[in-house]
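Please read them alongside the coordinates.

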Amino acid sequence: MSALAYTAPSSVEEAVRALAGASGLAKVLSGGTDLLVQLRSGRTRPSLIVDTKKIPGISGIREENGAFVIGAATPGAVIGENEALARAWPGLVEATNLIGSTQVQGRASLAGNLCNASPAADSVPALIAARAICVVVGGNGKREVPVESICTGPGRTSLARDEFIIEFRLPKRAPRSADAYLRFIPRTEMDIAVVGAAVNLTRDAAGVITDARVVLGAVAPTAVIVADAASALTGRKLDDAALGSLDKAARAACKPISDKRGTIEYRIKVAGVMARRAATIAYERAGKSQ
Amino acid sequence: MSKHHVLTTINGEPTEFLCEPQLTLLDVLRDELRLTGSKEGCSSGDCGACSVTVDGRLVCSCLMLAVEAEGKSIQTVEGMATGHDLHPLQQKFLEHAALQCGFCTPGVLVASKALLERNPDPTETEVRYWLAGNLCRCTGYDKIVRAVMDAAAEMRGATP
C-alpha cells in the first residue's frame, strides 16, 4: 500500500471526479469500521481513499414531507439517539445499533454496512424491509434505487466505480405500521449474525395485516426478500396459522452455507423462528402506534 | 509519497502532525505524538484498548485514519487527570483494584468517562453493554463494573 492517497472532497462532483480519475482501485470511506480492518489485513489494496464525510448532507437525519432521510455516512450512534426515527422505524434503529460495539457505533454507517456487502450485515434486511431507497450519485448524475439492488454477492455491489450512496430515503409511514429486527447469535453482544430477520408491517384497526415485508439475512449470498412470507401474513391477523405459514415460507427461502457460526440445517430452522418472533414484535408495535 | 499536514486538538491542546495516509489515529498518537496511553490490542476494532473520543463520540482510534483527525477535538486517557489529581474513575479503579495487567485500562477509562457524560446514573446492565467493546482478559469485568458504578455515584454526589 505504498502508493495510497487520501482525499476528503467537499462536494459530490469533486468526489465523483476523484473516484473516476483514480489510477488503481479507489475506495469510498464513510465510517471506516470495515475498510480500515481490510486495509490492515491487506484484503484490499486501494490506491486512493475518498473520504465522503465532508460532503454536505451526507451525515445527519432529516424529515422531508413527513418521511425520514438518513445521510449515508451518519454514524449508528446518531441514528440510535434520534427518538422520532426510533418511534417510526424501531426495527431499522435496533438493527443498526446491533452493529459492533459502542466504539464501532461511533463511526459505522448504513452505507458502509450495505456496501461492505456482507451477507450477515444487520442493517440491510431492516432497510430492505422498510423499502428504503438509496440515492446514488456518480458520473451520470443522480439515481434512486431500492436498497435490495445494491448487493450482488458477498463483497460485491452494483455500484459503478465512480458511484457512491449519498443518502437513504424511507417511505412515509402509514398509521398502525411498525418494524422489528432480530438477530440470532450465540451470545448477547458483539457478534455476527447466524440468522437475521426483519419484518415490516401495517395492520388495520381490526388487527388485520394489510401490508407486510419479510427479509432474512445471513441465509444466502445476499439478503433475501421472502415474498411468500409477506403473502402468508397479508389479509390475516397474526394468529398461529399465519405464524406457521410465515415460518414455513421463511425456511423455504433460505439458501445458507455451513460455517463456524451454524450449519445449513440449523440456519434454516432458526430463520423460521426468528421470522415468527420478529413478526410478533412488529405486530405488537404496530398495534400501539397510531 | 506525500504526507498530510493535519491540524487537530488533542486533550484541549492545538496539535499538528505530518502523516502518511494509511496511518491510523492510533499509530500517530503512539508513534508520532508519544501519547502511548492508548493501546494497540487487536487493530480491528474488537478490543477497545485504543478507545478515544472524537468530538465527544467514543471511537476506536485504530479504526480511524490519522488524516481524519483534521479539525476534530480528540480526548485520550492522558487528558483525564487534572495535573496530579486523578479523575474519579481513575481513583475508583485503583481503590477497587479494577485492573491486573492494565493493558485494557486506558480504553476502559475513556469509554467509561464517555458513558458517565451521557448517563450519570447507569444501571449495571447499561455499564456492561456500553463496555461490551472493551475486552479485559484479567479481571472478569466485575471489579471494573463496580468501580464504574462507584465512580458514577461519587460524581453524582450520592452517598454510598
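1. Two residues are taken to be in contact if their C-beta atoms, placed from the backbone, lie within 7 Å. In this predicted model, the contact between the chains takes 25 residues from chain A and 24 residues from chain B.

2. On the side of chain A that touches chain B, the elements giving two or more residues are β1 (5-7), α2 (35-41), β3 (48-51) and α6 (102-105) of chain A. Of these, α2(A) gives the most, with four residues. By residue class, this side of chain A divides into 13 nonpolar, eight polar and four charged residues.

3. Chain A has an open sheet of three strands in the order β1-β3-β2, with parallel pairing. The edge strands, each of which pairs on one side only, are β1 and β2 (26-29) of chain A, and the twist from one strand to the next averages 20 degrees.

4. Between β2(A) and β3(A) the pairing runs in the parallel sense over four bridges, and A:K27 stands opposite A:I49 in β3(A). Helix α1 (residues 12-21) of chain A packs on the sheet, where α1 touches β1, β2 and β3 of chain A; the direction of this helix makes about 165 degrees with that of β3(A).

Notes
Residues are numbered from 1 along each chain as its sequence is written. Chains are lettered from A and ligands numbered from 1 in the order in which they are written. This is a predicted model: local features need pLDDT of at least 70, side-chain atom pairs count only at pLDDT 80 or more; totals for chains, interfaces and linings use all residues. Ala, Val, Leu, Ile, Met, Phe, Trp, Tyr, Cys and Pro count as nonpolar, Asp, Glu, Lys and Arg as charged, and the others, Gly among them, as polar. Two strands pair if DSSP finds at least two bridges between them. Axes are lines fitted to C-alpha atoms, for helices over the stretch in contact, and angles run from 0 to 180 degrees between N-to-C directions.
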